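Subject: Handover of the two-chain model

Hello,

Please find the structure below.

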Amino acid sequence: MLTVNHVTKNYGKFTALEDITLEFNKGVYGLLAPNGAGKTTLIKMLTTLLFPTKGDILYNGDDIIALDEDYRDIIGYLPQDFGYYKNYSPKQFLNYLGTLKGIEKSVLDKKTEALLSLVSLSDVANKKMRKFSGGMIQRVGIAQAMLNDPEILILDEPTAGLDPKERVRFRNLISSLSQNRIVILSTHIVSDIETIANKVIMFKDHQLLCNDMPKNICKYLEGKVFETSEISKIEKPHLVLTQRQEDDKTYTRFTSEEKPAGHIKEVVPNLEDVFLYIYKDEE
Amino acid sequence: MNKIPIPTKEEKEKAINKIISNGMTPQENFIQRIVNLYMHIGTKYIFGDILDCLIIAITSTVLIYFFSLSFRIMNTELSTTFAISPIFYIILTLATEWKEKMSHLYELKMTCKYTVKQITAIRLLCFSALGVLFSSLMSMGYSLIFTNESLLDIFIVSLLGLLINSLLALGVMLYGNRRNSHNILIGLWFAVFLLPPVIWGKGWNVFLGELPYLLITVLILIMAAIYLLGIKKLITEREVILYANR
Ligand SMILES: Nc1ncnc2c1ncn2[C@@H]1O[C@H](COP(=O)(O)OP(=O)(O)O)[C@@H](O)[C@H]1O
Ligand SMILES: [Mg+2]
């Protein structure tokens, strides 16, 4: 179990995160918040790249900074801007990082092969990564993070720069990797985690807003989300969420404290509704 | 009155041995650890990435060495040796640091079991050894040309220069502001190695020549020990705030 214990992180005078307390057990956790909310800051503290200004982070009761090498040994990390060596092949690259992760040479070759096949890159295992697509690079990144079969897998915006098809593949891959470990992934795109996260964590004003199952988070707006094709006729104060086209009509989804009068349908709130509502003031 | 018995010679020896063996164990473990790390990671990954840095360092050192030969006329061979002995080490560490930090993999590598810091520590130790090798070669070359100074004089002064500089470099790495550590290091080199001969001229050369061997040897040993301790600290120091995402 990974515990974030009243953690505050300041950059000079600027407070990026304030008094965050979280508990991670096995399963997929989605860190969902707009850019600049502090997702990367939290993740860098979870990977010991940054130290908390206040509070501590414990793994099974031990401070992760004190655990040092032993902690790094059980984490897998995919950074937001995942760097790689253009002149390396995925195989060389995984061998390199595997060595730094302290994996014995005898085990490493087999491990590399198995992971490359898991992320469907076996046929380009020996090709230089120079010409790889964003999706292929991200898959190399995942394979790299999985090399030491981590108990904690941490992915910072893993879907950034992927096309819709690659996103779907990626989601399925994450789901398949989430057995028996803690997976923490950050994103500012709701659909990335809506279906795969057991729990969704949101920040607001640099503080923790929620850490709950998506269905519980959706309850927040229960009875307050509606749909209409004639949004201009609504007079009560409301917030427009999303729009969709159907039969030459534009249906607008909106939220309002009370159901407005007229031909209006109440709908079941989804995570995106809540996300848009919570961050309505942010651009 | 109680009298404290005077320990016998045997007892004294036993106590001293105990102190020495207790004091020495961590050092041995540390060296053992470095060796094991080297064996695991292997030459390919420790030096393969920085072959270009090595080539740059060797070429520029050789160039500077030949250039420095022209100072012969000024009769300042010891201060020249002293000043250029650390050049190889400086260029190599700066180029390597720069290359690692430019690499997009820096953060990822910092989260692996064995981090860049540990590899840097191994590299620094190897660089120092290479630096000593270079200094010896240069000293031999000098002593052939400058017949008025003994090989021992030249060698010992170059070793002193190298160690002072290695310590400065390590100090900057450990305690300096990492944003301008490069400038600080080069500035220190100017201040410590180039300024004295400029200010005191031949006096500096004479001063270096008159330092007693015993003093220099003791200094070199003490600094070597501090250097090893510094390397050990480098391995355990971690946070990399500079690379927080921007
Ligand atoms: N090294 C730093 N120094 C100062 N401010 C920083 C630094 N890194 C991040 N920040 C600030 O902290 C806030 C949170 O950043 P970040 O954790 O990267 O957010 P996210 O990953 O959610 O986009 C942002 O306002 C950002 O500008
Ligand atoms: Mg981020």
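A residue is called buried when its relative accessible area is under 20%, exposed when it is over 50%, and partly exposed in between (1.4 Å probe, protein chains only). Helices (H or I, at least four residues) and strands (E, at least two) are DSSP runs, numbered from the N terminus.

This is a predicted model, in which local features need pLDDT of at least 70, side-chain atom pairs count only at pLDDT 80 or more, and totals for chains, interfaces and linings use all residues. Residues are numbered from 1 along each chain as its sequence is written, chains are lettered from A and ligands numbered from 1 in the order in which they are written, and side-chain values use heavy atoms, with hydrogens and water left out.

Helix α4 of chain A

This helix covers residues 90-100 of chain A, and 9 of its 11 residues are buried. Those buried are A:Pro90, A:Phe93, A:Leu94, A:Asn95, A:Tyr96, A:Leu97, A:Gly98, A:Thr99 and A:Leu100. After α4(A) comes A:Gly102, with a positive phi near 80 degrees.

A:Asn60 has a phi of about 45 degrees. The loop between β4 (54-59) and β5 (62-63) holds A:Asn60, which is exposed at 51%.

Chain B

Chain B has 10 helices and 0 strands. Of its 246 residues, 47% count as buried. Contact here means heavy atoms within 4.5 Å. Among the contacts in chain B with a separation of 6 or more, 85% are between residues 24 or more positions apart. The accessible surface of chain B is about 13,400 Å², and carbon and sulfur atoms account for 71% of that; such areas come from the Shrake-Rupley method with a 1.4 Å probe, and for residues only the protein chains shown count as cover.

Leaving aside residues up to four places away in sequence, B:Arg123 touches B:Tyr45, B:Ile46, B:Phe47, B:Asp49, B:Ile50, B:Thr96 and B:Glu100.

Where the chains meet

The contact takes 36 residues from chain A and 26 residues from chain B. About 2,900 Å² is buried between the two chains, 59% of it from carbon and sulfur atoms. Buried area is the accessible area (1.4 Å probe) that two parts lose on being put together, summed over both.

There are 3 salt bridges between chain B and chain A. A salt bridge is a side-chain nitrogen of Lys or Arg within 4 Å of a carboxyl oxygen of Asp or Glu. One of them pairs B:Arg33 with A:Glu69, with the closest N and O atoms 3.2 Å apart. On the side of chain B that touches chain A, the elements giving two or more residues are α1 (9-47), α5 (106-110) and α6 (116-145) of chain B.

Salt bridges across the model

Over all chains the count is 14 salt bridges. B:Glu107 and A:Lys44 form one of them, at 3.0 Å from N to O. B:Glu107 is in helix α5 of chain B and A:Lys44 in helix α1 (residues 39-46) of chain A, so this pair joins two chains. Both partners are buried: B:Glu107 has 13% relative accessibility and A:Lys44 has 3%.

A:Arg181 and A:Asp149 form another, at 3.1 Å from N to O. A:Arg181 sits in the loop between α7 (164-177) and β8 (182-187), and A:Asp149 in the loop between α6 (134-146) and β7 (152-156), so the pair ties together parts of chain A that are 32 residues apart in sequence. A:Arg181 is buried at 9%, whereas A:Asp149 is partly exposed at 45%.

A:Lys233 and A:Glu230 also meet in a salt bridge, at 3.3 Å from N to O. Here A:Lys233 is exposed, at 59% relative accessibility, and A:Glu230 is partly exposed, at 38%. Salt bridges that share partners also join A:Glu227, A:Arg244, A:Glu246 and A:Lys265 into one network.

Regards
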